[in-house]
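Subject: A structure for you to look at

Hello,

Please have a look at it before you read on.

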Amino acid sequence: MKGKRILIGITGGIAAYKIAFLIRLLKKQGAEVKCIMTPASSDFIPPLTIATLSENPAYVDFWNKQNGQWTNHVDLGLWPDVFIIAPLTANTLAKLANGYCDNLLTATYLSAKCPVIVSPAMDLDMYAHETTNNNLNKLASYGVHIMPAEVGELASGLVGKGRMVEPESIVKYLTDFFVTQKQFDAKTILITAGPTYEYIDPVRFIGNFSSGKMGYAIADEFLKRGAKVILITGPTNQTLVHPNLEVVSVVTAEEMFEFVRSRWVEANVGVFSAAVADYRPEQMETSKIKKKDDKITINLVKNPDILAWAGKNKTKDQFLVGFALETNNALEYGKNKLKLKNLNAIVINSLADPGAGFAADTNKISILSEDEQLLDFDLKSKADVAVDIVNFINTKQ
Ligand code: C5P
């Protein structure tokens, strides 16, 4: 944090008073801090407090009414290593999402060249509103980093999701951010995610319960660390938007294979988390199968093993990670797969572990690497599991 230039944008939410603590924590760690305040935020915390703690003027207006001096939003936007807007109200969020620049803070956002992090804070119903959600997604698609609001007591007296992340956690986020921000700069990561659907006829398919959550979480984590990500995904409800993300949507294993084959050469790292169907119906009926016989037989033929193909066609500079989801003997099967498919590492999870597996929000993994080192991790959210997986890959780069 030492010597980092941090620009804090403060908007008019009750959590604005906590920014005093945030400034103190950042200054203690040796950061330089400047603050821009929206006019409404000064109802919650006086500019004098902010100026005193940050040891810089509190920038509120475009120009000083006493001496006519102009505050240059372009200079302010070029100054910081990071611009963090906290608390971010629904109002300023809507302005940022739509390019409004009616105050110094919103104008500086448009001029800023550095990474932008936002920490939304609002009442639970406002936070849950689809408009807010869409606006946050819009910011994410511009590459803005979002620190999701937390669950807790709100100023309205209600309890729910909408609390600003505490200053200590913001400092931790920033510290991690500076460490990891450029780890995968100029690296391309190819990720497969989700299930594949194998057509029986135009309206039916053979599929599996994969939600795609794990693969999307891994993609998100790589994007946060500066990577370019090609995400080849089967049908899922997951959404992810980012300027460095290319999403290729497929349905069948053969389609997934086709795209992996044409894009693998671009990748420095491959993480194959898709639950690819091992078999597909030998032929897809061209019209809907009618209900008539008591019994019908569908012949299945083997799908291409996409991961094995990538392993076979891997250069010594490419790093390939596969997944093994097993119901029993997970480690044993994982070891075999690692060798058989020529992988650098395999993420093993067992459906026998409570909280692990397809539709869950949590997962419990072990990572086995080609040098036979085994790392065991606790049960965690899939986002935190993604952090562990990307940390591991980073140690191998
Ligand atoms: O052999 P198994 O299907 O258990 O291996 C799982 C791993 O192989 C996962 O990483 C999965 O994404 C990948 N896989 C694949 N193509 C297949 C089957 C599995 O890429 N046809």
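How many salt bridges does a search of the whole structure find? The search finds 18 of them, where a salt bridge is a side-chain nitrogen of Lys or Arg within 4 Å of a carboxyl oxygen of Asp or Glu.

Before the details, some background. The model is predicted, so local features need pLDDT of at least 70 and side-chain atom pairs count only at pLDDT 80 or more, while totals for chains, interfaces and linings use all residues. Residues are numbered from 1 along each chain as its sequence is written, and side-chain values use heavy atoms, with hydrogens and water left out.

The chain as a whole

Charges and their pairs

The chain carries 42 positive and 43 negative side chains, and the centres of the two sets are 3 Å apart. Lys and Arg count as positive and Asp and Glu as negative, leaving out His and the chain ends; each charge is placed at NZ of Lys, CZ of Arg, CG of Asp or CD of Glu.

Side chains of opposite charge can pair when their charged atoms come close. Here are some of the pairs:

- Lys-172 and Asp-176 form a salt bridge at 2.7 Å, N to O. They are four residues apart in helix 8 (residues 167-180), so about one helical turn separates them. Lys-172 is exposed at 51% relative accessible area, whereas Asp-176 is partly exposed at 35%.
- Lys-224 and Asp-220 meet in a salt bridge at 3.9 Å, N to O. Both sit in helix 9 (residues 213-224), four residues and about one helical turn apart. Lys-224 is partly exposed at 34%, and Asp-220 is partly exposed at 28%.
- Lys-316 and Asp-317 form a salt bridge with their closest N and O atoms 3.7 Å apart, and both residues are exposed.

A network of salt bridges also links Lys-228, Glu-246, Arg-263 and Glu-266.

A surface patch and a buried residue

Ile-14, Tyr-17, Phe-21 and Phe-44 make up a nonpolar patch on the surface, with about 410 Å² of accessible area together. Patch residues have over 30% relative accessible area and no salt bridge; nonpolar side chains (Val, Leu, Ile, Met, Phe, Trp, Tyr) are joined within 5 Å, and like charges within 9 Å. Phe-44 is in the loop between strand 2 (32-37) and helix 2 (47-54), and its relative accessibility of 37% makes it partly exposed.

Is Thr-132, by contrast, buried or exposed? Thr-132 counts as buried, because its relative accessibility is 7%. This residue lies in helix 7 (residues 130-141). Leaving aside residues up to four places away in sequence, Thr-132 touches Leu-93, Met-122, Met-126 and Tyr-127.

Best wishes

How values were computed: Helix = DSSP H or I, 4+ residues; strand = E, 2+ residues; numbered from the N terminus. Buried < 20%, exposed > 50% of the residue type's maximum accessible area, 1.4 Å probe, protein only. Contact = heavy atoms within 4.5 Å. Areas by Shrake-Rupley, 256 points an atom, 1.4 Å probe, with all protein chains shown as cover.
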